[in-house]
Amino acid sequence: MTLTQLQTPGKDKTCQLVTLGCKVNQYETQLVKEALEKNGYREAGEAETADLCVVNTCTVTATGDSKGRKLIRNLAKNNPGTKILVMGCYATRDPKTVSELPGVFEVVTDKRELPDILERHGIVDMPTGISEFEGRKRAYVKVQDGCILRCTYCIIPSVRPGLQSRSPEDIEAEVRRLVDNGFKEIVLTGIHVGHFGVDTTRGKSGKPPFRLWHLFRKLDQIPGDWRMRLSSVETAEINDDFISAAADCEHLCPQFHPSLQSGSDTVLRRMKRRYHVSRFLEKLQKMRERLNHPSFTTDVIVGFPGETDAEFAETMQACEEAAFMKIHIFPFSARKGTPAATYEDQVSPEIRQERCAQLADLERSLAQKFYHTLIDRDLEVMIERECDERPGWVRGTDRWYAPVVCQGTKADLGKFVYARGRRDYLEFLEADRISP
């Protein structure tokens with residue numbers, strides 16, 4: 001019996017979709033949403049019971065697992081009789097636990113099988129890409145999936161193994177569609193974005209190389225008032241070809257997210273990362289020499305097993321030398337099934353918390369220093385919300401990914417406005433509106 005057959009005759013088919021985790025998950029949920037809409041579903045209203053609930057889970061941390069279980073239980077409680085389909089990395093890692101939760105009728109352990117699974121339940125005609133991204137004017141476009149590295153702290157290669165790059169033609173068609181539909185910013189995302197094309201154009205494929213920098217050169221030719229951003233990139237993939245392409249592309253934002261993870265070479269070796277800190281910093285300097293005042297954001301894991309005070313001090317120093325505009329700070333979380341979870345000398349929660357606070361203080365200082373460099377510069381700001389605490393002002397993000405507040409109204413939401421940096425604060429840059 002299919003889901004379609006389970007509906008009451010004459011009754012609309014309703015669904016509710018919930019996403020935990022990364023940009024890739026958000027993209028994949030949107031793809032499922034558009035598949036459901038093509039098959040007669042609509043999202044349930046606030047007071048309605050959803051016939052079908054789709055939960056896209058995350059397993060990067062134990063907290064993500066816990067959130068997923070709690071969410072599924074709440075959906076089952078608030079939607080009596082609903083059918084819950086669970087997908088995502090937690091569903092892949094622990095399908096038995098997920099399948100035993102209330103209301104769950106299907107667990108997707110391999111997203112490549114999702115079209116077949118949906119078809120079994122009456123949902124056919126799976127789209128090859130998305131056309132919308134609900135509730136925003138920034139859309140995420142997944143260009144590849146999977147990771148083949150073996151960082152000792154990370155569970156993701158075991159739940160998203162191998163590499164699967166999408167075809168450049170499908171990606172281009174999707175980006176054109178989103179731009180035509182009014183999306184102002186397209187973020188290219190994936191599990192390991194810098195490995196885009198490695199699986200399709202290497203070895204004996206017979207195809208000429210087509211890597212990430214070839215892709216954003218291709219997409220840069222799409223006309224329109226829009227901009228493109230990379231969600232992340234490893235410094236190992238930043239070479240002369242990458243830098244030259246980035247310098248040439250009109251639509252590509254001069255903001256990049258190379259993940260540092262630690263500023264200590266000894267910790268990086270224990271993490272099995274692929275670089276030395278000095279080489280990491282050299283790559284950033286090379287980009288600064290070629291590009292228009294680029295900004296850099298990063299990820300740092302604090303309190304990796306065995307991290308000493310001296311090693312953490314090296315991380316603080318490396319972050320300062322890199323002059324990051326933003327640092328995503330993660331206290332180390334042991335994931336069962338990863339080598340780092342078995343390492344001795346686990347750092348205490350109290351020390352992790354103290355170090356996170358120190359790094360957060362440094363991050364705020366570095367952010368304000370970067371905002372200061374934007375004073376008297378012309379800014380293109382995508383407006384995202386009104387400032388509740390400041391009537392007549394709006395807040396958005398510029399090409400460097402700096403948060404900017406300037407004069408504006410609700411009519412500016414989702415649009416580009418042009419402003420000139422005036423004053424830097426710890427949390428944002430204040431700017432004056434100017435004519436385009």
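A: Helices (H or I, at least four residues) and strands (E, at least two) are runs assigned by DSSP and numbered from the N terminus. The model described here is predicted.

Buried here means under 20% relative accessible area.

Strand 6 has pairing partners. With strand 8, residues 185-190, it pairs in the parallel sense over six bridges. Within that pairing, Val141 stands opposite Leu188 of strand 8. Strand 7, residues 164-165, is joined to strand 6 by two bridges, and these two strands run antiparallel. Here Asp145 stands opposite Gln164 in strand 7. In a regular strand, side chains alternate between the two faces of the sheet.

Two loop residues call for a backbone remark. Most residues other than glycine have a negative phi. Gln261 has a positive phi, near 70 degrees. Gln261 lies in the loop between strand 10 (255-256) and helix 11 (265-271). Its relative accessibility is 9%, so Gln261 counts as buried.

His293 also has a positive phi, near 50 degrees, and is a residue other than glycine. The loop that holds His293 runs between helix 12 (277-290) and strand 11 (295-302). His293 counts as partly exposed because its relative accessibility is 24%, and partly exposed covers the range between the buried limit of 20% and the exposed limit of 50%.

Definitions and conventions. Residues are numbered from 1 along each chain as its sequence is written. This is a predicted model: local features need pLDDT of at least 70, side-chain atom pairs count only at pLDDT 80 or more; totals for chains, interfaces and linings use all residues. Side-chain values use heavy atoms; hydrogens and water are left out. Two strands pair if DSSP finds at least two bridges between them. Buried means under 20% relative accessible area, exposed over 50%, partly exposed in between (1.4 Å probe, protein chains only).
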